[in-house]
Amino acid sequence: MAKLVGPLRKELAESLSSCRVLVVGAGGIGCELLKNLVLTGFKKIEVIDLDTIDVSNLNRQFLFQKKHVGKSKAQVAKESVLRFCPSANITAYHDSIMNPDYNVEFFRNFQLVMNALDNRAARNHVNRMCLAADIPLIESGTAGYLGQVTVIKKGQTECYECQPKPTQKTFPGCTIRNTPSEPIHCIVWAKYLYNQLFGEEDADQEVSPDTADPEAAWNPADAAARATASNKDGDIKRVSTKEWARSTGYDPVKLFNKLFKDDIMYLLTMDKLWKKRKAPLPLDWTEIHHLEFSQEEACGTGLKDQQVLGVQGYAQLFHRSVETLRSQLIEKGEGAELVWDKDDPPAMDFVTAAANLRMNVFSMNMKSRFDVKSMAGNIIPAIATTNAVIAGLIVLEALKTLNSEFDQCRTIFLNKQPNPRKKLLVPCALDPPNPSCYVCASKPEVTVKLNVHKTIVQALQDKILKEKFGMVAPDVQIEDGKGTILISSEEGETEANNNKFLSDFGIRNGSRLQVDDFLQDYTLLVNLIHSEELEKDVEFEVVGDAPDKAPTPSVPEEGKNIANGNKDSAQPSTSSKAAAEDDDVLIVDSDEEPSSSTMEASPESSNRKRKHHGTDTDDAASKRKRLDQQPADDDEDIIALD
């Protein structure tokens with residue numbers, strides 16, 4: 001340890017032992033970072049992570065061993081570090097950083113916060129908490145061989161949200177259900193199928209043919225007369241997938257024939273869909289098993305996860321996985337549900353088999369289990385050495401920050417290939433705050449275009465305020481001169497408003513909403529523009545927010561979106577609950593110091609509201625005014641992928 005601390009200025013080395021730092025995340029970067037911190041001389045460390053240890057973590061998260069699988073990452077990381085540095089004072093929280101318990105006052109206990117996260121929602125939240133607490137934040141991320149580190153300081157640098165991020169990919173329901181054209185469409189469909197059969201049924205994740213497909217423009221009565229679907233095995237009835245599956249006792253053969261034969265034949269009756277597309281080819285269980293079938297075909301060759309089986313092999317895998325999952329449901333008892341997990345073998349077998357069979361039906365090249373898992377689990381292979389390099393850079397930037405050498409802090413990018421000057425690490429000067437940022441500006445303001453007659457309050461809360469603008473527990477007041485409360489974060493207070501349209505409350509073109517998130521100590525003024533002419537499948541637009549028009553990177557082929565083990569832009573997440581997203585990475589081709597914003601590269605929530613110290617509770621109470629309750633319905637068919 002003497003060699004590590006020796007080069008530090010005496011005053012700085014001594015101050016490290018009393019400096020309180022918060023590490024958010026104890027995964028790939030987090031493990032390396034905790035080790036670096038204690039070996040550098042930091043003694044008072046608090047670490048928080050919601051996850052438990054999985055077998056797939058062990059190849060790079062070196063603080064964990066096989067015996068730790070299933071245990072808290074934060075707690076085991078603490079115990080492992082204390083074994084080689086018992087003098088450290090480490091506090092571990094097995095919890096979400098977005099829990100309201102970790103409010104602004106909690107963040108003010110630290111001199112520095114370091115992110116080692118893998119999702120955008122948590123990054124947004126920590127960014128806002130550090131801004132509210134006026135605490136420096138060091139942000140980081142890795143993806144394969146690429147990595148980055150940057151420093152965020154209120155009023156002096158861009159915050160994490162100063163530059164717009166690429167929007168989440170969305171696929172219309174009719175694409176997933178009727179006309180898949182890419183493997184990811186089939187994988188999304190297979191995950192939805194898993195949930196519909198064995199998990200929590202969701203009307204937005206239906207997998208049967210979509211009869212409302214606007215492109216089909218067919219006559220259901222005529223089509224029904226032409227349909228030649230089998231009534232023996234599949235018996236297509238327009239009932240929910242789960243209801244039909246239960247009626248068959250989860251019979252694998254009947255499920256197979258319904259999904260890959262009868263439903264496909266039903267799709268073929270929508271003949272307008274196939275005038276400019278190659279029509280799907282139905283599969284039949286009996287016909288498949290009459291074909292010549294070898295053991296080599298069933299097992300494939302090479303590494304198990306990288307095999308691509310034939311149709312017969314995936315049909316057998318589908319059969320086995322359905323039987324296994326059916327048994328798991330029976331063991332759990334009446335009304336039980338399974339939760340899809342990429343690391344659960346039967347679940348992964350099912351999604352791999354179902355997705356590949358659908359790919360075959362729609363004439364796509366089938367994928368290995370490894371490829372399917374990468375897309376379904378939103379994974380980019382994580383590399384231990386990349387995490388180690390980035391963790392080291394975090395500590396170097398931390399030392400500059402704590403040593404009041406903020407002018408020396410940099411955004412640093414780790415490239416996959418050396419630049420012309422043979423440099424892998426490229427520093428860039430920190431950018432000043434974006435004056436129009438809707439998070440760190442002195443008076444944050446944003447303009448949203450939507451249809452007030454079609455947008456319901458629930459969509460405003462979930463899709464716009466929480467998903468798009470990263471809030472956790474928003475309160476919304478209409479600037480109508482009456483102080484009308486549209487949304488309250490107090491559970492049950494405005495729940496009856498959820499299914500009403502915005503126009504029901506007098507909201508029209510030019511209306512303004514005052515949105516407060518007490519947990520984040522964040523206020524946003526939302527200007528609404530009413531529009532009847534939004535693009536198909538677009539529910540709202542943020543005016544002026546156009547990340548796709550940002551400048552292109554200097555080295556386009558290496559401009560990537562970065563996160564610790566995640567690459568959402570490459571493989572969109574298909575989890576309805578996941579908030580996994582990626583950092584913006586910038587790859588430059590020079591070792592000079594350009595401004596990092598001159599180039600562009602590629603939630604958990606709580607219903608509780610906490611009041612911060614010094615906040616006037618009378619103010620909060622006085623602003624509320626109840627609304628009349630008028631139910632309304634909204635019918636969407638958009639599948640949003642995180």
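Mentor: Let's start with a term: a disulfide is a pair of cysteine sulfur atoms within 2.5 Å. Searching the whole structure for such pairs gives 0 disulfides. This is a predicted model, in which local features need pLDDT of at least 70 and side-chain atom pairs count only at pLDDT 80 or more, while totals for chains, interfaces and linings use all residues. Residues are numbered from 1 along each chain as its sequence is written, and side-chain values use heavy atoms, without hydrogens and water.

Trainee: Why is C19 called buried?

Mentor: Buried means under 20% relative accessible area, exposed over 50%, and partly exposed in between (1.4 Å probe, protein chains only). C19 has a relative accessible area of 3%, so C19 is buried. C409, with 2%, is buried too.

Trainee: How do you know whether D134 is buried, exposed or partly exposed?

Mentor: Its relative accessible area is 45%, so D134 is partly exposed. D134 is found in the loop between α6 (120-133) and β5 (137-143); helices (H or I, at least four residues) and strands (E, at least two) are DSSP runs, numbered from the N terminus. D134 is not a glycine, yet has a positive phi of about 55°.

Trainee: Which residues have the most contacts inside the largest nonpolar core?

Mentor: They are W189, Y194, F198, F256, F260, F318 and F350, in a core of 57 residues. A nonpolar core is a set of buried Ala, Val, Leu, Ile, Met, Phe, Trp, Tyr and Cys residues joined through side-chain atoms within 4.5 Å. Helix α8 gives the most to this core, with 11 residues. Leaving out residues up to four places away in sequence, F350 touches A190, L193, Y194, L197, F198, F318, S321, V322 and L325. Another core, of 55 residues, lies apart from it, with Y102, C159, C437 and M471 among its members.

Trainee: How do you know that the span of helix α17 agrees with its number of residues?

Mentor: The expected span is 1.5 Å times one less than the number of residues. Helix α17 (residues 384-402) has 19 residues and should span 27 Å; its end C-alpha atoms are 27 Å apart, so the two agree. Just after α17, S404 takes a positive phi of about 60°.

Trainee: What makes N115 buried, and which residues is N115 in contact with?

Mentor: N115 is at 0% relative accessibility, so N115 counts as buried. Contact means heavy atoms within 4.5 Å. Apart from neighbours within four places in sequence, N115 is in contact with V24, R123, V126, L137, I138, E139, S140 and I394. N115 and I394 are 279 residues apart in sequence, but 9.2 Å apart in space, C-alpha to C-alpha. I394 is one of the buried residues of α17.

Trainee: Why are β12 and β15 said to stand at the edges?

Mentor: Two strands pair if DSSP finds at least two bridges between them. The open sheet of 6 strands has the order β12-β11-β13-β14-β10-β15, with mixed pairing. β12 (484-487) and β15 (540-542) each have a single partner strand, so one side of each is left without a neighbour in the sheet.

Trainee: How many bridges join β13 to β14?

Mentor: 6 bridges join β13 (residues 512-517) to β14 (residues 522-530), and these strands run antiparallel. D516 has T523 as its bridge partner in β14.
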